[in-house]
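Hi,

Here is the model I promised to pass on. Have a look at it first, and then read my notes below.

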Amino acid sequence: IFYYFDFNLLDTLRLTNLISILLWAIILRPIFLEENLDFKIIPFIIFYAWYPQFIYLQVGASTEPWAIIFLFLALENFFKHKFDRIFLTIIFLSIGSCFKSQIALLIPVFTFFYLIENKNFFKKISLVYLSSLALFNTSSFSYIRENIYGVWQPIKIENYGFKHLDENLID
């Protein structure tokens, strides 16, 4: 869109974020989940499109809408196919973690459930390898971003504590 129209980069990001829910419903769901646009998904799209926090994300220049779209794809794939297509679920979560690194925290959860459920040893080893590869990519990106470039990275576990709850919280 940036190259075809006379938009600056921020307007291009805003436009692609705005149409992301439609691309999910019309293009990505039929390709990967064999689900066409029908009346059962329309209320969800309306809720997503008109919820105030999502409106803020959809018209902004952040990458969170695409992380949410790939999270939707992963969850819908998991609930539709259970463990038959768990690899595709992990791949969707990995792509989503490229946009928002906190999505990578769901990868060990799905891997753990699969390891409990399935009996096939080769598939277990393959899934552990795929999951560890996805987590390694996310954690190495976080390490490079924080230690080499000096930018704060939110995926660190110590950032999710209660350190901010001290005596100066009310001031």
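A word on terms before the notes: I call two residues in contact when heavy atoms lie within 4.5 Å. Helices (H or I, at least four residues) and strands (E, at least two) are DSSP runs, numbered from the N terminus.

This is a predicted model, in which local features need pLDDT of at least 70 and side-chain atom pairs count only at pLDDT 80 or more, while totals for chains, interfaces and linings use all residues. Residues are numbered from 1 along each chain as its sequence is written, and side-chain values use heavy atoms, with hydrogens and water left out.

**The chain as a whole**

The chain has eight helices and zero strands. Read from the N terminus, its elements run α-α-α-α-α-α-α-α. Of its 171 residues, 33% count as buried; buried here means under 20% relative accessible area, exposed means over 50%, and partly exposed is in between (1.4 Å probe, protein chains only). Among contacts in the chain with a separation of 6 or more, 56% come from residues 24 or more positions apart.

**Helix α2**

The buried residues of α2 are Ser20, Ile21, Trp24, Ala25, Leu28, Arg29 and Leu33. They pack against α1 (9-18), α3 (42-50), α4 (52-58) and α5 (64-81).

After α2 comes Glu34, in the loop between α2 and α3. Most residues other than glycine have a negative phi. Glu34 is exposed, with a relative accessible area of 54%.

**How the helices pack**

Two packed helices are described by the angle between their axes and the distance between the axes. The axes are lines fitted to C-alpha atoms, for helices over the stretch in contact, and angles run from 0 to 180 degrees between N-to-C directions. Angles under 35 degrees count as roughly parallel, over 145 as roughly antiparallel, 65 to 115 as roughly perpendicular and the rest as oblique. A crossing is left-handed if the near helix is turned anticlockwise from the far one by less than a right angle, and right-handed if clockwise.

- α2 and α3 pack at about 165 degrees with axes 11 Å apart, and are therefore roughly antiparallel. The crossing is right-handed. Ile21, Trp24 and Ala25 in α2 meet Phe44, Ile45 and Tyr48 in α3.
- α2 and α5 pack at about 35 degrees, with their axes 11 Å apart. This crossing is right-handed. The contact involves residues including Trp24, Leu28 and Leu33 of α2 and residues including Trp66, Ile69 and Leu73 of α5.
- α5 and α6 (residues 86-99) pack at about 170 degrees with axes 8 Å apart, and are therefore roughly antiparallel. Here the crossing is left-handed. Among the residues that meet are Phe70, Ala74 and Phe78 in α5 and Phe92, Gly96 and Phe99 in α6.

**Two pairs of residues**

Thr12 is found in α1 and counts as buried, at 8% relative accessibility. Thr12 and Ala61 are 49 residues apart in sequence and 8.3 Å apart in space, C-alpha to C-alpha.

The C-alpha atoms of Ile42 and Ala25, which are 17 residues apart along the chain, are separated by 9.1 Å.

Best wishes
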